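Here is a short tour of one structure, written for someone who likes to have the viewer open while reading. Take a look at the model first, and then follow along below.

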Amino acid sequence: MNLFNFDLRQILLTIPAILVGFSFHEYAHAQVAVWLGDNTPKYQNRLTLNPTAHLEPMGFISLLLLGFGWAKPVQIDPNNFENPKRDDILVSLAGPVMNFLMAIVFMIIMKLSTYLPDSILMSSIYPTIWQVLSYTVFINIVLMVFNLIPIPPLDGSHVLFGILNLKDTEFYYQLQSKGTLILLALIIFDVIEKIMTPPILFIYNNLLRIFFGF
């Protein structure tokens, strides 16, 4: 996904947004899994908001430089769930839902920042603060939409195939074995960007309209 054409300054300003987006996304998976009876993420020290527990170095660098990337997936054992089908769906949804909530939270912070004293609003640092906040909103929306694509290993595949009761089929196993290559091909040929851009802009622009009237 090549939604950004960042220079070095923009890349640096994006780092906090990526750390927030990845950390809260993976923490949400881990926390919901534990709530539903699977302590695997807890044993693997994933029940934390510390970015170092969730970052995958190559995925982080790739997102910074190429506009697409990945975090370290939270491992779960569905056999520990009371209702494996339902609970796997809930754990999968937790990450994207958390990203959406974080987008709202940082949009609220953006709104509140407009009430800062004039001395700050008129300072040279305020546009930088605004950029960091807006990048955090935008990247959380990107992560939400991207992870809802129904191609393994993304969360959307667990949700869709779980709802359709197809996770134990040969088709899903075949798709799962080739999912990463399919995603890579779709990214290289800009198919993912074309799919994702409309919903991302729709959500981002509507949040701006709700909070700022434009």
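The sections below go through the pocket, the salt bridges, a surface patch, some backbone details and a few residue pairs.

## The largest pocket

Please keep in mind that this is a predicted model.

Which helices supply at least two residues each of the lining? They are helix H1 (8–35), H4, helix H6 (126–147), helix H7 (155–163) and helix H8 (170–188). Of the contributors, H8 gives the most to the lining of the largest pocket, with 7 residues.

## Two salt bridges

How many salt bridges does a search of the whole structure find? The search finds 2. One of them brings together the side chains of Arg86 and Asp87, at 2.7 Å from N to O. The two partners can be told apart by their accessibility. Arg86 has a relative accessibility of 41% and counts as partly exposed, because that label covers values between the 20% limit for buried and the 50% limit for exposed. Asp87 is buried, with a relative accessible area of 0%.

In the other salt bridge, the side chains of Asp88 and Lys167 meet at 2.9 Å, again taken from N to O. This pair links distant parts of the chain, with Asp88 in helix H4 and Lys167 in the loop between H7 and H8, 79 residues apart. Asp88 has a relative accessibility of 7%, so this residue counts as buried.

If you colour the surface by residue class, look for Met58, Ile61, Leu65, Leu66 and Trp70. Together they make a nonpolar surface patch of about 520 Å². Ile61 is a member that lies in helix H3, and this residue is partly exposed, with a relative accessible area of 40%. The C-alpha atoms of Ile61 and Ile15 are 10.0 Å apart in space, and the two residues are 46 residues apart in sequence.

Trp70, also in the patch, sits in the loop between helix H3 (57–66) and helix H4 (84–113).

## Backbone details

A few backbone angles are worth a check in your viewer. Where is the cis peptide bond? This bond joins Pro152 and Pro153, with omega at about 10°.

Asn45 is not a glycine, yet its phi is positive, at about 60°. Asn45 lies in the loop between helix H2 (40–43) and H3, and Asn45 is exposed, with a relative accessible area of 57%. For Asn165, phi is likewise positive at about 60°, although this residue is not a glycine. Asn165 is found in the loop between H7 and H8, and at 56% relative accessibility Asn165 counts as exposed. The loop between H7 and H8 is also where Lys167, the partner of Asp88, is placed.

## Residue pairs and C-alpha distances

Two further residues give handy reference points on the helices. Trp130 is found in helix H6 and is partly exposed, with a relative accessible area of 25%. Trp130 and Met110 are 20 residues apart along the chain, and their C-alpha atoms are separated by 6.8 Å.

Ile104 has its place in helix H4, the helix that also holds Asp88. Ile104 is partly exposed, with a relative accessible area of 24%. What separates the C-alpha atoms of Ile104 and Phe146? The separation is 17 Å, for two residues that are 42 residues apart along the chain.

Notes
Residues numbered from 1 in each chain as written. Predicted model: local features only at pLDDT ≥ 70, side-chain atom pairs only at ≥ 80, totals over all residues. Heavy atoms only, no water. Patch = residues over 30% accessible without salt bridge, like charges linked within 9 Å, V, L, I, M, F, W, Y side chains within 5 Å. Areas by Shrake-Rupley, 256 points an atom, 1.4 Å probe, with all protein chains shown as cover. Salt bridge = Lys/Arg side-chain N within 4 Å of Asp/Glu carboxyl O. Helix = DSSP H or I, 4+ residues; strand = E, 2+ residues; numbered from the N terminus. Buried < 20%, exposed > 50% of the residue type's maximum accessible area, 1.4 Å probe, protein only.
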